[in-house]
Amino acid sequence: MKKFLVTTPIYYPNGYPHIGHAYASFIADFYARYKRLLGYEVKFSTGNDENSQKIVQSAQQENKDIMTYLDEMGEKWKQVWNDLQISYTDFIRTTQPDHRALVQKMLQTSFDKGDIYEGEYKGYYCVGCEGFKTEKDLVLKDGQLVCPDHLTKPDLIVEKNWFFKLKNYQTAIEKFYDKNPTFLIPQYRFNEVKSFVKWGLEDFSVSRETNKFWIPLPFDDKQVTYVRYDALFNYVTVCQQDNFRSEDTEIVHILGKDISRFHAIFRPAMLMSTNTRLPDQEFITGFFTVDGHKMSKSLGNVIDPIEMVKNYDRDALIFNLLYDVPIGADWDFSEERLSNLYESMLIGGRWNLVNRVTSLCKKYEITEGKCKDGDIARLSEDENNPLFEMFSNGFDAHKLHQRYLDNADINWYLQDRYKLVQKANEFITKAEPWVKWKNPETKQQAEQDLKFLLYVTKNLGLLSAPILVNGFRKLQNILGNDDLNKIASSKNTMNDDFKNVFDMESFSVNLNPEIMYVKKEK
Ligand code: MSP
């Protein structure tokens, strides 16, 4: 079976997940579910990044022992992902013993190879970013140099550190980029990374001498390594448990633009140094802003995804974020937009279609969906009807998927899919089966149209299964079809099941009205 590994960034658990975090997890969830439906064995890894200074500070502020704090936060983060129906298979915490052991092994391998050496670090460190900064990275605010993302003054540090010889990997990294022209998406982010590399790479520090909580270096027990090194190996730990990361596993990482250098430059070098397989693709996401400011725990302007899904459906939130935002773009989050999109597209578009078709079929006691010769051809009368394009060739996973998803064009993909819903709604309005039904001469045509609309509704539902998971589950209940009920986008499902149900041209239904999306009370 083909294998697919998708990861989110691992999050700092010094606060609760906000929309920006949920966005990365939603993208990964969508890919994981899609790949499952296409018959891949999927590993979907997320987790918490725990070896950080801000965690130590947060635990102290709450008067808690660090591990107690981390254990509590680990449970809370998992709960949020469960509530958002994120179908992860693995949740890594970087304080777990197997991860610490793996990181020490990696450090030792690079050390033995001569890629790690001792030196003195003199410069700035931003706790918000958990990263070293040069003056060039900072901005002036009230006469002081501050981190542009956190607007806080970084610590000035002078200490002995161990350094990774990144300079040694300059050529290898450039070759890797040349060989893998779609390694980073979007392209403009890839171009930025490439020009950064072209200017010449500097070695980077992989250890600190200050904190005893983190992971001790195997070759210097007075120093510890921490997030900026260890976190980058998190998925390697996850995969070693069941040897998932084999040569033929497709590996995709989702991460934000603020950590692209670490993932697109440092990590490939660290993986090369330790003879570890490199990923296939990294999708770099932008920032969500609120009134133009980056949403962040440190700035205190966060939007809680759980609050949003209480008021609207989880499907509405994922649909809003993935439909509106091209991967890579910054976006101002607006609850008003979420609310409008929920009412117009999920209630007014999708649910309206299902409701109209199934209510009429129930009323006229139609118990089967059917696509007869000629039904699909009728769609082609309306020029460029995307329904025709979609349905005339049966289910073609390659076509369905490759055109958009390999380039992370999720928003285009969803926009094109939504056009199908609009076309189906137009079809029913034009066909007027409720009028034709009353006339004995046209009654048969009305029946055929409604059966065909059940077929269209089933197939559009299938296409939305990896994203509108609540809607799809309800559609399964509404149609009450046994074969359709076999499809679960949160489990590994063989391609054949999905294809068979998609291609099913005649099927019985046991209609059972149920409201798919409920309008929020004002
Ligand atoms: N722990 C590191 C990642 C290590 S991955 C090996 C980290 N954690 S974080 O919690 O600060 O951020 C996690 C992800 O959320 C990052 O990809 C970051 O870009 C993203 N976001 C944090 N704030 C964001 C927004 N306001 N909007 C969108 N995503 C942003 O970085």
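Helix 1 (residues 19–37) lies across strand 1, strand 2 (41–48), strand 13 and strand 14 (281–285), and runs at about 165° to strand 2. Helices (H or I, at least four residues) and strands (E, at least two) are DSSP runs numbered from the N terminus; axes are lines fitted to C-alpha atoms, for helices over the stretch in contact, with angles from 0 to 180 degrees between N-to-C directions. The model is predicted: local features need pLDDT of at least 70 and side-chain atom pairs 80 or more, while totals for chains, interfaces and linings use all residues. Residues are numbered from 1 along each chain as its sequence is written, and side-chain values use heavy atoms, without hydrogens and water.

**Exercise 1.** Find the strand order of the open sheet and its edges.

*Solution.* Step 1: the six strands pair in parallel in the order 3-2-1-13-14-9, where pairing takes at least two DSSP bridges. Step 2: strand 3 (90–93) and strand 9 (184–185) each pair on one side only, as edge strands. Step 3: strand 1 (residues 3–7) is joined to strand 13 (residues 250–256) by four bridges, and Leu5 has Ile251 as its bridge partner.

**Exercise 2.** Describe the packing of helix 12 and helix 18.

*Solution.* Step 1: helix 12 (residues 335–363) packs on helix 18 (residues 443–464) at about 145°. Step 2: their axes are 10 Å apart.

**Exercise 3.** List polar contacts (N or O pairs within 3.5 Å) of the ligand.

*Solution.* Step 1: a polar side-chain atom of Asp49 is 2.6 Å from a ligand nitrogen atom. Step 2: a backbone N or O atom of Phe288 lies 2.8 Å from a ligand nitrogen atom. Step 3: a polar backbone atom of Tyr12 is 3.1 Å from a ligand oxygen atom.

Terms used:
Contact means heavy atoms within 4.5 Å. A polar contact is a pair of N or O atoms within 3.5 Å; within protein, one must be able to donate a hydrogen and the other to accept it, and residues adjacent in sequence count only if both atoms are side-chain atoms.
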